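Biologist: Please show me the model. I have some questions about how it is put together.

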There are 2 protein chains.
Amino acid sequence: MASSTRQFKLGAFLMQTGHHIAAWRHPGAQADAGSNFRHYVELAQKAEAAKFDAIFLADSVGVRNSDLASLSRTARADHFEPLTLLAAIAALTERIGLIATVSTSFNEPFNVARKFASLDQISGGRSGWNLVTSSGTGEAQNFNRDEHFEHALRYERAAEFHDVVTGLWDSWEDDSFVRDKPSGRYFDEHKLHVLGHKGTHFSVRGPLNVARSPQGRPVVVQAGASEAGRDLAARTAEVIFVAHQTFDEAKAFYADIKGRLPRHGRHPDDVKIMPGIFPVVGRTQAEAEEKFEQLQQLVHPVVGVSLLSNVIGGFDFSRLPVDGPLPELPETNGPKSRQRLLLDLARRENLSIRDLYLRIAGARGHQQVVGTPARVADQLQQWFEERGADGFNIMAPWFPGGLDDFIELVLPELRRRGLFRTEYEGRTLREHLGLRRPAHPAHPAHSAREAHPAAIA
Amino acid sequence: MASSTRQFKLGAFLMQTGHHIAAWRHPGAQADAGSNFRHYVELAQKAEAAKFDAIFLADSVGVRNSDLASLSRTARADHFEPLTLLAAIAALTERIGLIATVSTSFNEPFNVARKFASLDQISGGRSGWNLVTSSGTGEAQNFNRDEHFEHALRYERAAEFHDVVTGLWDSWEDDSFVRDKPSGRYFDEHKLHVLGHKGTHFSVRGPLNVARSPQGRPVVVQAGASEAGRDLAARTAEVIFVAHQTFDEAKAFYADIKGRLPRHGRHPDDVKIMPGIFPVVGRTQAEAEEKFEQLQQLVHPVVGVSLLSNVIGGFDFSRLPVDGPLPELPETNGPKSRQRLLLDLARRENLSIRDLYLRIAGARGHQQVVGTPARVADQLQQWFEERGADGFNIMAPWFPGGLDDFIELVLPELRRRGLFRTEYEGRTLREHLGLRRPAHPAHPAHSAREAHPAAIA
């Protein structure tokens, strides 16, 4: 049933009430989504019925914001822990991939390797690990530290963490467990591999106490866009989730990453690049804009002003009239940063403080598309066909309605164009993504035979 | 529907193929239980249909045994991670409690607090944390250490770990989240409590990013029997899972723990003591003994001899004839230890090496009962009525058959005697166990009103 043309990969990025900062106030939103398990089950089952490759969960190990006036007006402080949530969702779904974010900063690799391996067993080969490093002070302070690790150290630790985790996933060969009742032989001891890792940050003996994954290894996802992040991703990531504002950015990033792969002995198809997209869809352009405007109207000024202060390097706008102009701000040195771009924009278009915070209230740095199904499809198609993306992580503005709109309006259009599947091709997340099943290092010969099904298909 | 007489609490201690060391070789056993999610779902649903208070999962963060010849003949090396497994089971059950073991030795309290809080939200108030410390060298070596923490330090760390976790569970008051769409107020900032813990082992700011549990707090379970363990349990445990060989031991432990509670301002009903019981049940005594003998026959000599060597302080019996007598062994100083008791037993009854290892192959230090439903019920009733136990953690010799026997043969007998429920009285694990819902410390007055429903009932 697989189409002979190259097709999109699609993730459904689930996030409590939605990705728009005021989503929880939408009349149709499930305001208690952060504690409502049924809400997540319905979204996951909906995404599975629509044949998404995976659902995707972000994470933070702390309450990010210290500005209580703003925090208490957003739905960001209470949410499920991603691995327990995905394990529970695994029991009520059959095919869709399950990707959870877990930071390497405040965890032990043995625990992380084990949880994803366990989720892979529970789900029959559908787990993926979004490897991130933590940079929030609020997170560090929950883990015996005053400050987060500095950037280079975070990535050095992350790289070693990755190698320990994947090494532990190879503790057992695929056919280690013979479980032969008559002879009493439960596993073949020659197929057990002790990792014996001794590195800079970790010393981990192994073996893992979970059998090898149905997928060989759970899928490794990354999101880093810095130089250190790209380097780590080119060596280790199988999916890259990334934020771009423009097609040019996306295309440059795509070429850069795919160009780095051969240095690590990897094929371009070994990594799927999936930028985030924040779609607001209407049957007409006017309807789409109206839907967006409805959300924008719900941004409480306290929340909007706080958001703007965070982006513009901590300047406190809260005592200024929200519909007045921006104040003069001190120049910053160095290259044009995001804050400089925003200030220039405000100046050029004569924006008030409110106007400006509304420009950043939606997609949090990701590409935002407000329009008809054809317009959204056009944009995804361009990014895909002109090598800016292998697929997309769909960030619905609010749940469930924003995801419903994408499924009911955009997916049929994508399918008419042959860009997205009508049925799953396989059972595991790797099979959905067209990623090869990693051979066990004890049998590298398998690797050649199994390599690159996507390239052959 | 609650009976006016005091009734048992019952846990179903699930463990891969079963608690007997040769369980996996039983013709009816699910040999791949350690990777078979469906197997666990069936057991959990069975235990729920039988109205057990909870299912219980042990854990170890490593492969315990370095003796590969023996390890490769047992079903102990591969198993699910307990929290992912229980979260998945939560989605397919409605009432039964879900207790997972997590060690304080190789985890961070923020992560542990969060996972159990998340499981409590997912399950609607059914989660319990069995707090243990890790003592295996094989575990320590997976976490950057050569040796496990020494005993006193382990317990000091565990006590502080407990206080941080429960403190984080109180980050939010019950009614913190108002989620009022018209005003834009999502939570009441006066009902958020920042822990700000700075102690010897941990520095954790908080707040937790999960709302207060449906149970107030997940239930805290402990298993320590040492002086340090009892002391910690008397201050903090709500359920104690313990191993006793004899009724006298059980009674002494029960009196000791209940006697310690007032010193911590606690009521005897605030802690439920639930020893493990390993029941082998037959319609006749002969049938029960036959069932037990069937399992004993399946103990591979390599496994049995290794087990014996571990219990008798590392002496290597593997070169001696298995059906010959025990060798002379060096005397140990100090009080009569378990190994001394075993050696005396072997001498007194003229046991061979095989005879002796079979004496310890079943219940791993827990009370073993082989007999008719009436005999098993008699014993449980005696322990319960004569203050040796508030309930029992049932360790079926093999799954599913050993649990089926308990449910089909023993439970009807217990119900005839009015000792076990016929229907759940409530929805949460606390309600099943008759434990009060902890008041939030910001409103200690609630505590008095809600205290001790079990004492009132």
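Biologist: What pLDDT does chain A average?
Modeller: This is a predicted model, so confidence comes before detail, because low-pLDDT coordinates should not be read in detail. In chain A, 93% of the residues score at least 70. The average pLDDT of chain A is 91.

Biologist: Over which residues of chain A does pLDDT stay under 50?
Modeller: The model has 17 contacts beyond four places in sequence for this stretch. Where pLDDT is low, the predicted coordinates should not be read in detail. The stretch is residues 447-457 of chain A.

Biologist: What ipTM does the predictor give the complex?
Modeller: The predictor gives two scores here. The pTM is 0.94. The ipTM is 0.94.

Biologist: How many salt bridges are counted between chain A and chain B?
Modeller: One of the pairs is Asp78(A) with Arg179(B). Their closest N and O atoms are 2.8 Å apart, inside the 4 Å cut-off. The count between the two chains is 6.

Biologist: Which element gives the most to the side of chain A that touches chain B?
Modeller: The interface has 40 residue pairs in polar contact, both residues at pLDDT 80 or more. Elements giving two or more residues on the chain A side include helix H2 (68-71), helix H3 (82-90) and strand E5 (177-180). The top contributor gives 7 residues, and that is H4(A).

Biologist: How many nonpolar residues has the side of chain A that touches chain B?
Modeller: In all, 74 residues of chain A contact 74 residues of chain B. By class, the chain A side has 23 polar and 15 charged residues. The nonpolar residues number 36.

Biologist: How much area do chain A and chain B bury between them?
Modeller: Carbon and sulfur atoms account for 55% of the buried area. The total between the two chains is about 6,400 Å².

Biologist: Which residue does a cis peptide bond join to Phe399(A)?
Modeller: Omega of this bond is near 0 degrees.

Definitions and conventions. Residues numbered from 1 in each chain as written. Chains lettered and ligands numbered in written order. Predicted model: local features only at pLDDT ≥ 70, side-chain atom pairs only at ≥ 80, totals over all residues. Heavy atoms only, no water. pLDDT = per-residue confidence, 0-100. Contact = heavy atoms within 4.5 Å. Buried area = accessible area lost by both parts, 1.4 Å probe. Salt bridge = Lys/Arg side-chain N within 4 Å of Asp/Glu carboxyl O. Polar contact = N/O pair within 3.5 Å; in protein donor to acceptor, adjacent residues only side chain to side chain. Helix = DSSP H or I, 4+ residues; strand = E, 2+ residues; numbered from the N terminus. Nonpolar A, V, L, I, M, F, W, Y, C, P; charged D, E, K, R; others polar.
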